[in-house]
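Please report on the fold of this protein chain. Cover the overall layout, the helices and a few individual residues.

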Amino acid sequence: MSRSAGRVELPTKPCAVCGRTITWRRKWERDWDGVRYCSDACRRRARSETGRDVDAALEASLERLLDARPSSSSVCPSEAARVVAGELGMLGDDGEGWRDLMEPVRAAARRLVVAGRAQITQRGVVVDPDTAKGPIRVRRPR
């Protein structure tokens with residue numbers, strides 16, 4: 001008999017900041033509706049006005065880049081990071097300031113996936129945003 005036999009599927013929901021999947025835990029039994037964030041880092045980022053502004057700018061940048069391309073094309077998250085870093089003056093002398101935005105832009109892409117406005121792919125194949133490691137691309141749903 002396999003280990004998963006008889007297991008119950010637990011409820012899940014996306015993190016409001018990064019879009020990762022939050023799975024129900026017994027300690028949240030009384031307040032499951034109030035659980036919004038997957039970690040303390042996401043909770044701090046949600047409370048930070050700067051974090052919210054950067055996240056909104058990254059989502060908007062991804063949307064603009066996707067709208068500017070044919071529906072069969074995809075964009076690299078680094079393109080959105082470069083655009084936003086340039087807009088916010090984060091590039092610095094070496095022009096590498098956009099690298100600090102790579103994890104936030106991946107989170108923005110996950111939020112777009114949760115909203116049904118994008119898909120994350122690797123080598124042209126749609127992947128689960130929670131488990132994708134390495135280079136990804138973002139495209140419109142097909």
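## Overall layout

Residues 24 or more positions apart make up 41% of the contacts in the protein chain with a separation of 6 or more; contact means heavy atoms within 4.5 Å. This is a predicted model, in which local features need pLDDT of at least 70, side-chain atom pairs count only at pLDDT 80 or more, and totals for chains, interfaces and linings use all residues. Residues are numbered from 1 along each chain as its sequence is written, and side-chain values use heavy atoms, with hydrogens and water left out.

The protein chain has four helices and six strands. These are DSSP runs, numbered from the N terminus: helices are H or I with at least four residues, strands are E with at least two. Along the sequence the pattern reads β-β-α-α-β-α-α-β-β-β. Taken along the principal axes, the C-alpha atoms fill a box of roughly 55 × 35 × 25 Å.

## Surface and charge

Of the 142 residues of the protein chain, 38% count as buried. Buried means under 20% relative accessible area, exposed over 50%, and partly exposed in between (1.4 Å probe, protein chains only). The protein chain exposes about 9100 Å², and carbon and sulfur atoms supply 49% of that area. Areas come from the Shrake-Rupley method with a 1.4 Å probe; for residues, only the protein chains shown count as cover.

The protein chain carries 28 positive and 20 negative charges, and their mean positions are 6 Å apart. Lys and Arg count as positive, Asp and Glu as negative; His and the chain ends are not counted. Each charge is placed at NZ of Lys, CZ of Arg, CG of Asp or CD of Glu.

## Helix H2

Helix H2 covers residues 49-68. At 1.5 Å a residue, its 20 residues should span 28 Å; the end C-alpha atoms are 29 Å apart, which agrees. The expected span is 1.5 Å times one less than the number of residues. Buried residues of H2 include Gly51, Val54, Asp55, Ala57 and Leu58. Glu59, Ser61, Leu62, Glu63, Leu65 and Leu66 are buried in H2 too. Their cover includes H1, E3, H3, H4 and E6.

Leu65 lies in this helix. Its relative accessibility is 18%, so Leu65 counts as buried. Beyond residues up to four places away in sequence, Leu65 touches Val75, Glu79 and Ala80. Leu65 and Val75 are ten residues apart in sequence, with C-alpha atoms 7.0 Å apart in space.

## Helix H3

Helix H3 holds twelve residues, 77-88. Pro77, Ser78, Ala80, Ala81, Val84 and Ala85 are buried in H3. Seen down the axis of H3, the buried residues fall within an arc of 155°, so they line one face of the helix. The arc is that of the directions from the helix axis to the C-beta atoms. An α-helix has 3.6 residues a turn, so residues three or four places apart point the same way.

The cover over the buried residues of H3 includes helix H2, strand E3 (74-75), helix H4 (102-114) and strand E6 (137-139). Ser78 has 10% relative accessibility and therefore counts as buried. Setting aside residues up to four places away in sequence, Ser78 touches Trp98 and Met102. Just after H3, Gly89 takes a positive phi of about 70°.

## Helix H4

H4 has 13 residues and reaches 19 Å from its first C-alpha to its last, close to the 18 Å expected at 1.5 Å a residue. Its buried residues include Pro104, Val105, Ala107, Ala108, Ala109 and Leu112. Arg106, Arg110 and Arg111 are buried in H4 as well.

Cover for the buried residues of H4 includes helix H1 (40-47), H2, H3, strand E4 (119-122) and E6. Just after H4, Gly116 takes a positive phi of about 80°.

Thr12 is found in strand E1, residues 12-14. At 48% relative accessibility, Thr12 counts as partly exposed. Leaving aside neighbours within four places in sequence, Thr12 is in contact with Thr21, Ile22, Thr23 and Trp32. Thr12 and Trp24 are twelve residues apart along the chain, and their C-alpha atoms are separated by 6.0 Å.

Arg123 lies in the loop between E4 and strand E5 (125-126). Arg123 is not a glycine, although it has a positive phi of about 55°. Its relative accessibility is 89%, so Arg123 counts as exposed.
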